[in-house]
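The sequence and the coordinates are shown next.

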Amino acid sequence: MEKLIELLEIDLQWRMHKVLDGQRRRIQICMGLLQPFKVLLLDEVTVNLDVVARLDLLDFFEEECEKGTRRGERVK
């Protein structure tokens with residue numbers, strides 16, 4: 001969780017009604033990933049993210065998939 005907060009550069013003082021669309025999207029992504037999951041369906045997850053945040057998030061997902069594969073879980 002902390003890694004994702006740092007990766008997405010989320011300020012824990014942000015308030016949803018006062019943030020910009022990109023900041024709101026970062027918070028939504030982080031909140032959506034709080035619970036462990038076996039299957040994760042993502043549809044246009046990087047909408048409203050800047051280029052750097054988009055690449056960082058995709059790298060994060062790739063690393064998480066690789067960790068799952070090393071633990072013996074199948075990734076499709």
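The structure contains zero disulfides, a disulfide being counted when a pair of cysteine sulfur atoms lies within 2.5 Å. A disulfide is a covalent bond between the sulfur atoms of two cysteines. C30 is buried, at 5% relative accessibility, whereas C65 is partly exposed, with a relative accessible area of 37%. Here buried means under 20% relative accessible area, exposed means over 50%, and partly exposed is in between (1.4 Å probe, protein chains only).

## Basis of the model

This is a predicted model, in which local features need pLDDT of at least 70 and side-chain atom pairs count only at pLDDT 80 or more, while totals for chains, interfaces and linings use all residues. Residues are numbered from 1 along each chain as its sequence is written, and side-chain values use heavy atoms, with hydrogens and water left out.

## Overall architecture

The protein chain has three helices and zero strands, and its pattern along the sequence is α-α-α. Helices (H or I, at least four residues) and strands (E, at least two) are DSSP runs, numbered from the N terminus.

Of the 76 residues in the protein chain, 26% are buried. The accessible surface of the chain is about 6200 Å², and carbon and sulfur atoms account for 53% of it; accessible areas come from the Shrake-Rupley method with a 1.4 Å probe, and for residues only the protein chains shown count as cover. Among contacts with a separation of 6 or more, 40% are between residues 24 or more positions apart. A contact means heavy atoms within 4.5 Å.

## Nonpolar core

The largest nonpolar core has 14 residues, and L4, L8, I29 and L57 are those with the most contacts inside it. Helix 1 (2–7), helix 2 and helix 3 (51–70) each supply at least two residues of this core. The largest share, four residues, comes from helix 3. A nonpolar core is defined as a set of buried Ala, Val, Leu, Ile, Met, Phe, Trp, Tyr and Cys residues joined through side-chain atoms within 4.5 Å. In soluble globular proteins, nonpolar side chains tend to be buried together.

Which residues does L57 touch, not counting residues up to four places away in sequence? L57 touches L4, L7, L8, I29, V45, T46 and L49. L58 is also in helix 3 and is partly exposed, with a relative accessible area of 41%. L58 and T46 are twelve residues apart in sequence, and their C-alpha atoms are 8.5 Å apart in space.

## Salt bridges

The count comes to four salt bridges, where a salt bridge is a side-chain nitrogen of Lys or Arg within 4 Å of a carboxyl oxygen of Asp or Glu. Side chains of opposite charge can pair when their charged atoms come close. One of the bridges joins the side chains of K3 and E63 (2.8 Å, N to O). This pair links distant parts of the chain, with K3 in helix 1 and E63 in helix 3, 60 residues apart. K3 is partly exposed at 42% relative accessibility, and E63 is partly exposed at 35%.

R24 forms a salt bridge with D21, and their closest N and O atoms are 3.3 Å apart. R24 and D21 are three residues apart in helix 2, so about one helical turn separates them. R24 is partly exposed, with a relative accessible area of 24%. In helix 3, E64 and K67 are three residues apart and therefore also separated by about one helical turn; their side chains meet in a salt bridge (3.1 Å, N to O). E64 is partly exposed at 30% relative accessibility, and K67 is partly exposed at 31%.

## Surface patch

M1, M31 and L34 form a nonpolar patch on the surface, with about 330 Å² of accessible area together. Patches are made of residues with over 30% relative accessible area and no salt bridge; like charges are joined within 9 Å, and nonpolar side chains (Val, Leu, Ile, Met, Phe, Trp, Tyr) within 5 Å. M31 lies in helix 2 (residues 21–32) and is exposed, with a relative accessible area of 54%.

## Positive phi in the loops

Most residues other than glycine have a negative phi, and most peptide bonds are trans. E9 is not a glycine, yet has a positive phi of about 55 degrees. E9 is in the loop between helix 1 and helix 2 and is exposed, at 58% relative accessibility.

E44 has a positive phi of about 55 degrees and is not a glycine either. E44 is in the loop between helix 2 and helix 3, and is exposed at 56% relative accessibility.
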